[in-house]
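Reader: Could you walk me through this structure? I'm new to this, so please spell out the terms as you go.

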Amino acid sequence: MEAIFMQKALAYLNSKNKKRQPAKRWNEEQITRQAEKMYAQVVENLYGKLHTQVKANRFTPAEKWLKFINENEVLDGMEESMIELDFS
């Protein structure tokens with residue numbers, strides 16, 4: 001899932017970067033950091049949505065999370081979403 005997202009995010013950011021003035025273009029490290037921030041935001045949003053569904057707190061056992069994720073095929077859904085993702 002992360003690899004698919006990062007591939008698409010990096011392609012998008014590189015394309016966007018080429019349109020910048022040469023003096024304002026980001027280097028490869030900056031582009032990678034921005035893609036990582038984008039991915040972190042996706043994960044944070046997913047956690048927020050799952051958190052309310054699992055009705056979890058910091059003491060919620062991992063088994064409860066895993067059960068919810070497996071029963072609701074969360075990872076399969078996320079992978080499909082990443083495949084369909086289009087930044088344009």
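Author: Here are some questions and answers about side chains and how they meet. This is a predicted model, where local features need pLDDT of at least 70 and side-chain atom pairs count only at pLDDT 80 or more, while totals for chains, interfaces and linings use all residues. Residues are numbered from 1 along each chain as its sequence is written, and side-chain values use heavy atoms, with hydrogens and water left out.

Reader: How many aromatic pairs are there?

Author: Rings of Phe, Tyr and Trp (its six-membered ring) pair if their centres lie within 6.5 Å; planes under 30 degrees apart count as stacked, over 60 as edge-to-face and the rest as tilted. By that rule, the number of aromatic pairs is four.

Reader: Are the rings of F5 and Y39 stacked, edge-to-face or tilted?

Author: Their centres are 5.5 Å apart. The planes meet at 50°, so this pair is tilted.

Reader: How many residues apart in sequence are F5 and Y39?

Author: Helices here are DSSP runs (H or I, at least four residues), numbered from the N terminus. F5 lies in helix α1 (residues 2-18) and Y39 in helix α2 (residues 28-54), so the pair ties together parts of the chain whose separation in sequence is 34 residues.

Reader: Which kind of pair do F5 and F87 form?

Author: F87 sits in the segment after α4 (74-84), 82 residues from F5. The two ring centres are 5.7 Å apart, and with 75° between the planes the pair is edge-to-face.

Reader: Is F5 buried or exposed?

Author: Buried means under 20% relative accessible area, exposed over 50%, and partly exposed in between (1.4 Å probe, protein chains only). F87 has 23%, so F87 is partly exposed. F5 has a relative accessible area of 2%, so F5 is buried.

Reader: Which residues touch the most other members of the largest nonpolar core?

Author: In soluble globular proteins, nonpolar side chains tend to be buried together. A nonpolar core is a set of buried Ala, Val, Leu, Ile, Met, Phe, Trp, Tyr and Cys residues joined through side-chain atoms within 4.5 Å. The largest one has 16 residues, and the members touching the most others are F5, L50 and V74.

Reader: Which helix gives the most to this core?

Author: α1, α2, α3 and α4 each supply at least two of its residues. The top giver, with five residues, is α2.

Reader: Where do K67 and E71 lie?

Author: Their side chains also meet in a salt bridge, at 4.0 Å, N to O. They are four residues apart, about one turn, and both lie in helix α3 (residues 62-71).

Reader: What is the distance from the charged end of R20 to the centre of the ring of W26?

Author: A charge sits over a ring if NZ of Lys or CZ of Arg is within 6 Å of the ring centre and within 35 degrees of the ring normal. The charged end of R20 does sit over the ring of W26, and its distance from the ring centre is 4.0 Å.
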